[in-house]
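Trainee: Could we go through this structure together and check where its labels come from?
Mentor: Gladly, let's have a look.

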Amino acid sequence: MFTLAEVASLNDIQPTYRILKPWWDVFMDYLAVVMLMVAIFAGTMQLTKDQVVCLPVLQSTVNSKAQPGTSGKADFTTVETTTGQGEAASMRTVSFGSAPTVTPDVPLSRATSSQYQPTESGQELKKEQKDSSGRKTNLDFQQYVFINQMCYHLALPWYSKYFPYLVLIHTIILIVSSNFWFKYPKTCSKIEHFVSILGKCFESPWTTKALSETACEDSEENKQRLTGAQSLPKYVSTSSDEGSPSASTPMITKSGFKFSADKPMIEVPSVTILDKKDGEQAKALFEKVRKFRAHVEDSDLIYKLYVGQTVIKTVKFIFILGYTANFVNTISFEHICNPKVEHLIGYTQFECTHNMAYMLKKLLISYISLICVYGFICLYTLFWLFRIPLKEYSFEKVREESSFSDIPDVKNDFAFLLHMVDQYDQLYSKRFGVFLSEVSENKLREISLNHEWTFEKLRQHVSRNAQDKQELHLFMLSGVPDAVFDLTDLDVLKLELIPEAKIPAKISQMTNLQELHLCHCPAKVEQTAFSFLRDHLRCLHVKFTDVAEIPAWVYLLKNLRELYLIGNLNSENNKMIGLESLRELRHLKILHVKSNLTKIPPNITDVAPHLTKLVIHNDGTKLVVLNSLKKMTNVAELELQNCELERIPHAIFSLSNLQELDLKSNSIRTIEEIISFQHLKRLTCLKLWHNKIVNIPSSITHIKNLESLYLSNNKLESLPAAVFSLQKLRCLDVSYNSIALIPVEIGLLQNLQHFHITGNKVDVLPKQLFKCVKLRTLSLGQNCITSIPDKVSQLLQLTHLELKGNCLDRLPATLGHCQLLRKSGLVVEDHLFDALPSEVKEVLNQDTSIPFANGI
């Protein structure tokens, strides 16, 4: 036999699953255990004590051959049988007209033979008894046992014999039905994962410590913090704004551009609530919850399985109750048995008693009572399943009770599991909901970020840029560390790929900050922070994918001087391209737009009177409409790069204050319109590089004030003499063309300081070139030059000489007379340099501290 403890283990569910067992499931499990105990108790009693006791029913039997008138005489027959080895035993069967008297002490064989008394004399009877001898067989006891066994199987109803086993089978089926969804392969893995995550979420320090300090801040406390209340709020913020003057100041949105007046702020002390390990575990939980939700929300298998097993249990209850009620009355104490073995026993009918009948009937009634209760609970479960939509779950109460208003509603199996958890304890789902909130996740990231990026670590990442300014570049962080705003001497701050960047009021400490870069970083600013940026920020770079990513507060920086916009501003996709509010930028001087415009937006003209420099890099999209340029009368520098222009736009000729024009990387083939540049009296720099220009018209002489001319990377084959009539020309760049000859007229450019003709087909250098004694840079690389004249020594101000990639055999020793030329400025093959006289190399290797101007 097995023990009760072993059987009870069949219903033992892992303790971790208890949170998914509502009260009715738990109650039904207890009922199943009680039914199991009933079955085991009844079965044990039946195996040990179940039996029937039968006694014969004595009836009056009259010999069918006897006559009615011979009542005083008896007809009898004597049957003698011999048993054993020589041992005789006589049995006589006698029929009387009246029923014999049988005493309890007389066995069946003797009672049968005593029904007929012999008529012989007493002496003859004594003689027969004297002759009977042999071993006692206990035949009478065996006859009773035989009858009891036969009548147990023939007379006893089957339900009385198999009732305990039926109860056991039914109970096991009910137990399996109740817990099948925990064991089914398609559901148990999801359930195990859910229970594991739920337990970790419940015990996470983020929910037990940080949440208690952040999630329950009510709006009144926030208002007090904004208005400078005398006393600090009861709860201290633990978001990434720790230590900031206003951790809860509302962020600026694109719906409105107005700010209220600055209000005094109260410094909230920083609170450390999570160590690094706890923070990493909480971040891992957020990721697990996100993936689990995506995995479970797409199906409702668990819900259907639970409904199915509940229906099965209900049908099972109806079935058990239906057939059991018919067999209650069959369990009886008395039974009549007709074994049909009268030829062996002599009796045809027996009356039997079932000693377990009373106990079984009580157990059956108890079992029916338990089944009824079990069935009513099943019906209640079905009512609960269909009363409310269990495949939808709303965190509305959690959103109302906490500051995490973004907790999303869930559906399908995810919702059903949360409904089941609510039946155990609603606190589980409340805490679990925190890990569905992006606001909560962002707060955790901010705290972890502040732990990782300390002031000392940030100080190590500060560098000096080309303008000798202190610069900090933060890339792909979860937010902006608070310690950044303690770097008070920082000049440039670059934030790249930080989607949840927030600029708190602490930025007002950074008095040196004048340049800010936002690369795919739609930063939000607090009110006090905006006030500081509005008054102090001078240069802003914004790189975006869609125009909606441009923060709204950008258009309100009234003291902004330079604005760089890099992203999609295509008017077809963005009819209101976001530049309409540039009119507020009254002090804007430089506007740099790198986009894919088809026309210059008319809204840019709102700031045209203030602009001094406009740069448009169009990334290959053809810029068609340029009429808006006419309104930019104060523009001094204009760059239209990579705009697929085929001719110089006529609108440019109206810009009377234009000083520098850059048309780099277009498709310009002819520049006959250059004659109109005579109206641009202030034009000093013309850049037509990286185009398809074939020749330079003689009308270029009309640009009398031109100082720099860039024509590199075109298709020029010659330089007209008109170019050398530009007496003020200081820089001429014709690199990477097909020029074969340098005209002798080059000697007329007495102010020429930089001459670049690298990557052409020049083979001879005219002597007139060396009359340009002001040359500082001379780039002659990648040509076909075979020799350098000794007159190169006349270029006393030469600091950079490029000769690499020619057909030179040697370098002139007169290079040593170029007082400012050093080895670092001499670009030539090593073997040519090594061939120079030692005294020349010695001069070239000397260091010099004489300052000179680089570039234009």
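Predicted model: local features only at pLDDT ≥ 70, side-chain atom pairs only at ≥ 80, totals over all residues.

Trainee: What makes Cys54 and Cys352 a disulfide?
Mentor: The cut-off is a pair of cysteine sulfur atoms within 2.5 Å. The sulfur atoms of Cys54 and Cys352 are 1.9 Å apart, so the pair meets the definition. Cys54 lies in strand β1 and Cys352 in strand β5, so the link ties together parts that are 298 residues apart in sequence.

Trainee: How many disulfides does the structure hold?
Mentor: Two. Cys151 and Cys337 form a disulfide as well, with their sulfur atoms 2.1 Å apart. Cys151 belongs to helix α5 and Cys337 to strand β4, so parts 186 residues apart in sequence are tied together. With the bonded cysteines numbered in sequence order, the pairing reads 1-4, 2-3.

Trainee: Why is the disulfide of Cys151 and Cys337 called left-handed?
Mentor: Because the torsion about its S-S bond is about -90°. The link of Cys54 and Cys352 has 110° about the S-S bond and is right-handed.

Trainee: How do you know that Cys54 counts as buried?
Mentor: Buried means under 20% relative accessible area. Cys54 has 2% relative accessibility, so it counts as buried. Cys352 is buried too, with a relative accessible area of 2%. Cys188 has 16% and is therefore buried, and Cys643 is buried at 0%.

Trainee: Why is Asn666 called buried?
Mentor: Because its relative accessible area is 6%, and the limit is under 20%. Asn666 lies in the loop between β19 and β20. Its contacts beyond four places in sequence include Cys643, Leu645 and His690.

Trainee: Which residues form the nonpolar patch on the surface?
Mentor: Trp23, Phe27, Tyr30, Val373, Tyr380 and Phe383, with about 630 Å² of accessible area together. The elements giving two or more residues to the patch are α2 and α13.

Conventions. Residues numbered from 1 in each chain as written. Heavy atoms only, no water. Patch = residues over 30% accessible without salt bridge, like charges linked within 9 Å, V, L, I, M, F, W, Y side chains within 5 Å. Areas by Shrake-Rupley, 256 points an atom, 1.4 Å probe, with all protein chains shown as cover. Salt bridge = Lys/Arg side-chain N within 4 Å of Asp/Glu carboxyl O. Helix = DSSP H or I, 4+ residues; strand = E, 2+ residues; numbered from the N terminus. Buried < 20%, exposed > 50% of the residue type's maximum accessible area, 1.4 Å probe, protein only. Contact = heavy atoms within 4.5 Å.
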